[in-house]
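Please look through the structure shown below, and then read the report that follows with the model open beside it.

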Amino acid sequence: MKLAVFGATGGVGREVVRQALDAGHEVTAVVRDPARFAVTGERLEVFRSDLADADALRGAVAGRDAVLSALGARNRADAASGVAARLTRPVLAAMDAEGVRRLVVVSAAPVGPAAEGDGLLDRAVLAVVGKVFEDVYADLRVMESELAASTADWTSVRPPKLTDRPVTGRYRRVVGGTPTRGRTLARADVAHAMLAVLADPSTVRRGVGVAY
């Protein structure tokens, strides 16, 4: 497949690019600063662009089979500014202009429904986490509302706390829900999950909870 990857300089985005190249895909990594992007490969194109400009992004998505986005807040200031929603809008506009429909994004477990079977302790922990990262999750909820209002064939992958462990390919996945007592997932396995849902029609226009 021909893929465009946004947020390619972040932990999840870099893994998406690496794993997609390893799987034989052609990848366009969309970045603001190529100096921060160290991945290389024969089937890799690095596309430098202002991520806020939909017209500038059209060249990155034109002719692509799918777009994967790991755009999101790197700190609380980013979250407070609504960076995930703000940068996803021009991606959606560029895709619409170029007739590209498939989109997979990273969100977060608390944006999805509560897991069936979670006990009081799990729910209490989630409530505390939700309060601490309130701005982050509010931004992601707005982003997901933008997806729902779009014409894209989107999937939102919703992991819990992220770690830097190696990829395993072994995690639980709940389409339209959240894995019970799902507490962590490696960034590498988030990337694995994003690539895995690309060709799964059951995940189109739905959130997918993923966790160990």
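## A glycine in helix 1

In this model, which is a predicted one, Gly 13 touches Val 5, Gly 7, Ala 8 and Ala 70, when residues up to four places away in sequence are left out of the count. Gly 13 is found in helix 1, and with a relative accessible area of 0% this glycine is buried, since anything under 20% counts as buried.

How far apart are the C-alpha atoms of Gly 13 and Ser 156? The two residues are 143 residues apart along the chain, and their C-alpha atoms are separated by 15 Å.

## The chain as a whole

The chain has 7 helices and 10 strands. Its radius of gyration is 16 Å, close to the 17 Å that the globule rule gives for 212 residues, so the chain is as compact as a globular protein of that length. Along the principal axes, the C-alpha trace spans about 50 × 35 × 35 Å.

Of the 212 residues, 48% count as buried, while the accessible surface of the chain comes to about 10,000 Å², with 51% of that surface belonging to carbon and sulfur atoms.

In soluble globular proteins, nonpolar side chains tend to be buried together. In this model the largest nonpolar core has 30 residues, and those with the most contacts inside it are Val 16, Val 17, Phe 37, Leu 44, Leu 68, Val 157 and Met 194. Several elements supply at least two residues each to this core, namely strand 1 (2–6), helix 1 (11–22), strand 2 (26–31), strand 4 (66–69), strand 5 (102–106), helix 7 (187–197) and strand 10 (206–211). Which of the elements gives the largest share of this core? That share, 6 residues, comes from helix 7.

Leu 44, one of the residues with the most contacts inside the core, touches Val 17, Leu 21, Val 27, Ala 29, Phe 37 and Val 39, again without counting residues up to four places away in sequence.

## Helix 7

Why can helix 7 be described as largely enclosed by the rest of the structure? Of its 11 residues, 8 are buried, and it is therefore largely enclosed in this way. The buried residues of helix 7 are Ala 188, Asp 189, Val 190, Ala 191, Ala 193, Met 194, Leu 195 and Val 197, and Met 194 is also listed with the residues that have the most contacts inside the largest core.

## Two arginines with positive phi

Arg 181 is found in the loop between strand 8 (172–175) and strand 9 (184–186), and it has a positive phi of about 50° although it is not a glycine. At 45% relative accessibility, Arg 181 counts as partly exposed.

Arg 205 lies in the loop between helix 7 and strand 10, and its phi is near 60°, which is a positive value in a residue other than glycine. With a relative accessible area of 35%, Arg 205 is partly exposed.

How values were computed:
Residues numbered from 1 in each chain as written. Predicted model: local features only at pLDDT ≥ 70, side-chain atom pairs only at ≥ 80, totals over all residues. Heavy atoms only, no water. Core = buried A, V, L, I, M, F, W, Y, C linked by side-chain atoms within 4.5 Å. Buried < 20%, exposed > 50% of the residue type's maximum accessible area, 1.4 Å probe, protein only. Helix = DSSP H or I, 4+ residues; strand = E, 2+ residues; numbered from the N terminus. Contact = heavy atoms within 4.5 Å. Rg over C-alpha atoms; globule rule 2.2 N^0.38 Å. Areas by Shrake-Rupley, 256 points an atom, 1.4 Å probe, with all protein chains shown as cover.
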